[in-house]
Amino acid sequence: MSSNRTPGRALLAAIDVFRELGWPGATVDEAATLPIGTDQQQATALKGLRSGTWLEFEELWDDPASDLQGGDCEKLLSLFAVRVGVSASRARKVLTGMPVMIPANVIAEVVATRGAEFAGEFVAAAQDGRRWLRVDPAAVRPLVARFDLPIPRNTQYAFAWSRAAARELGLDSPRDEDAASSPDVSQHRFAEHVESAIEVDPEPQPLAKVMAAGARGGRIERDRVVELAVSALETATRTQDRTAWANALADDLEITAAELVTHTDPLIQAMAQGPAVVVDRLAPRLITTVDDQSLTDVLTIALNAKTKKAQRAALDAAATRPGPAPATLDAVDDLLAEHAASSDRAIAKAAQAVLDAWGASPTPVVDEPVQARGLWQPTPPVWDVPTLELPSPTPDAVLDILGTLLRRPEDGIDDVETERFLALAQQFAYANASLAQETLSSLDGDESGRRALRAVRQWVTGERYPDQADGEPALARMTDVSPRFDSLPCLLSTPTWVDLRISPADLASRLDRYAAAGVAACEGDLWMALTRLDVALATDDDRRVLAGLTVELESGSVDLRGINAAQIALAYLDDPIREPASPEDPFALPASLAILPNRLTERGWRVDVRTAHLFPTWPLPSSELTFDLHTDAGLRFRQLARRATPFPTALANRLLEAQHAARPGALPDARAALVEAWERGLLPPGVITVDPKPSAIAAKAAVLLDVSEDGLASLAWDVLDQLTTAAADVRSVPAGTVESVEALRTLLPEAHAAVAAQVADPRVLELSGVRQLAERSGSAKAVVAARELVKELPPAA
């Protein structure tokens, strides 16, 4: 929605000063040295530029006869605003709100003209929690170096610093931006930057290479570098990060035997967390160097690694070590004997070599028949989605839900728990504003990644949520609701059901409360309520109620005087937003919402799980459902597992992938989401499909075997069967196929029992892919395992 406002007198007066001082026609590279006028001129300019916007006033920039037309005038006016004294938060906003970016070195130079104190305030304003920067890091680094500012505890800054340091140290190709940076800016306070980077957990590379190079060059003590790298490995939250740090210790840092011994305990903890590559890179050397007491732990972890490669490397290393003390041998001889009896001949031979070298005589392993444990359950029916229930708005109830949200990853999501907190906190504030402010005063400002908490905190402190004239609905809701938190009868956008849908009857009832109280509705809140509205449930009674209501509409970013919120809701029932035919297609604004700002125009919008909180009635497309499996992925899947309809195939496949590919912090919730989706009937038979050329087969097999323990054996069996069939259809058997076959063999007693109890169709025992593998010639491990499994299957039909 374009603005019909005109520039105010204060802004026009500021632009007159801008002209008088000769800024139009200059280049942005000159901005740090251009004049800013007398004290009176600066005061006039500051008054017009300290708030509001000027980009929307087309008449300022598009008049061919104007001296503001073309060139860098829009960017220069933003830089001029900083020079004449706008606040740091305002500076951050105007410098990053340009259609075309202002060069980072220009931003740093202009901010620096305001001195050290302002530079520090600007760097603080640039940080969006511990993860993101709102400003190019290349604009922040020179300020930190020039004014000796505290190093931002921020992941994006740390990663950008490590990239710049890598280029300066010759570890990466230089970039154009480096020429504009101060010499050695990225090596300023090298050790402190490294320690800060480890603290905020950035990408391991190129940081690890930078650390190694810094130690070689004397910029940081090697002992400290090794200590930091080991700590990073132990505390890393993503599988790929632990892999990278293990490789860095072995390759970039070339950790010595003495250093391994010094850090034995944290390295053992790191190996216990996995993945197998950590064991593979560290266990063999630890086995040959640690004392007998630690050997038990290292060998136990290594021989339980998920890959044969890691197990074999550990066994080979153990065979070169002198036999341990009797107590240590007693602790591991059964495990060695188990491996000596393995069906994998290489593992069995390596384990026997260790037993022979150590002179051990363990008790022979005796195989006993495995009994079914009831892990194969019938597919549950699709559930009836429960309504969202709220407790009474008391301090204890609010703080209990708040505690749940604060224990989540920093980048919170808009799920039912967030909505429960918002609704309860708002009702608490409406009933007793002073007590609510006192109760919620503990929100300390580090909640920027959690929109709901930030909105509540800003109501408590009286801060203003940033303008969202073009913001998406969830942000617009926060903008409008935050300053009026204690004066609204309720939130219009609170879900009726836990899948985030809203019933038309509920929305009509809420608007009726607004009309009775004579309170205007919030535009962003109404927007979000409408996107969640299940219009298929609308009745004639709902329409009659809405038709009889008059509810004013207010917005924190646009003028909506005279617009009736109830009439918009009534029109929307028959003219809602339609799901785009393709995830790449733009959202089309229906005529029912034409009078409101279009909040679906933000760059990068698409139909996927990130918009599911806005459109819970949509089934989601069956393709293009890719999204990053960061620490919030598990929570997103748990919300999707509250759907009213079964998962589409693409989403079900992504949920399975998350079980092994998501960050470790997301894994517990991703696992819970898989089990919950199954228990609620959202994962029907056959919904998960396998790529004709599958990857990560071993990882998937391990995950499927694991989730079968929660009663999902039928789902696991089906996917394992598909994996094995796909592997059998290619000329060279893919890596991990043997693990898939062995997982099927482990679950075979469950399948036999399910067929006997008529819980499963006898055709589940056909396993055509396994039989096809077994018919191959040769002695490949997967082929040998398939032959063993076929012996336990009924004859082929």
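Q: Buried means under 20% relative accessible area, exposed over 50% and partly exposed in between (1.4 Å probe, protein chains only). Why is Leu-767 called buried?
A: Leu-767 has 1% relative accessibility, which is under 20%, so Leu-767 counts as buried.

Q: What kind of model is this, and how are residues numbered?
A: This is a predicted model: local features need pLDDT of at least 70, side-chain atom pairs count only at pLDDT 80 or more, and totals for chains, interfaces and linings use all residues. Residues are numbered from 1 along each chain as its sequence is written, and side-chain values use heavy atoms, without hydrogens or water.

Q: How confident is the predictor in the protein chain?
A: The average pLDDT (confidence in each residue, from 0 to 100) is 85. A score of at least 70 is reached by 87% of the residues.

Q: How many helices and strands does the protein chain have?
A: It has 38 helices and four strands. These are DSSP runs, numbered from the N terminus: helices are H or I with at least four residues, strands E with at least two.

Q: What makes Leu-767 and Glu-254 stand out in their phi angles?
A: Neither is a glycine, yet phi is positive: about 45 degrees at Leu-767 and about 50 degrees at Glu-254. Leu-767 sits in the loop between helix 36 (737-756) and helix 37 (768-774). Glu-254 sits in the loop between helix 14 (239-252) and helix 15 (257-262).

Q: Is Glu-254 buried or exposed?
A: Glu-254 has 57% relative accessibility, which is over 50%, so Glu-254 counts as exposed.

Q: What makes helix 25 mostly covered?
A: Nine of the 11 residues in helix 25 (residues 451-461) are buried. Trp-459 and Arg-457 are among them. The buried residues pack against helix 22 (395-406), helix 23 (416-431), helix 24 (433-439) and helix 26. After helix 25 comes Gly-462, with a positive phi near 80 degrees.

Q: Which residues does Thr-531 touch?
A: Beyond four places in sequence, Thr-531 is in contact (heavy atoms within 4.5 Å) with Tyr-572, Ile-577, Leu-614, Phe-615 and Pro-616. Its side chain reaches the backbone oxygen of Leu-614 at 2.8 Å.

Q: Where is Arg-484, and why is it called buried?
A: Arg-484 lies in the loop between helix 26 (473-481) and helix 27 (504-517). Its relative accessible area is 16%, which is under 20%, so Arg-484 is buried. A polar atom of the Arg-484 side chain lies 2.6 Å from the backbone oxygen of Ala-520.

Q: Which peptide bond is cis?
A: The bond from Gln-205 to Pro-206 is cis, with omega near 10 degrees. Pro-206 belongs to helix 12 (residues 204-216).

Terms used. A polar contact is a pair of N or O atoms within 3.5 Å; within protein, one must be able to donate a hydrogen and the other to accept it, and residues adjacent in sequence count only if both atoms are side-chain atoms.
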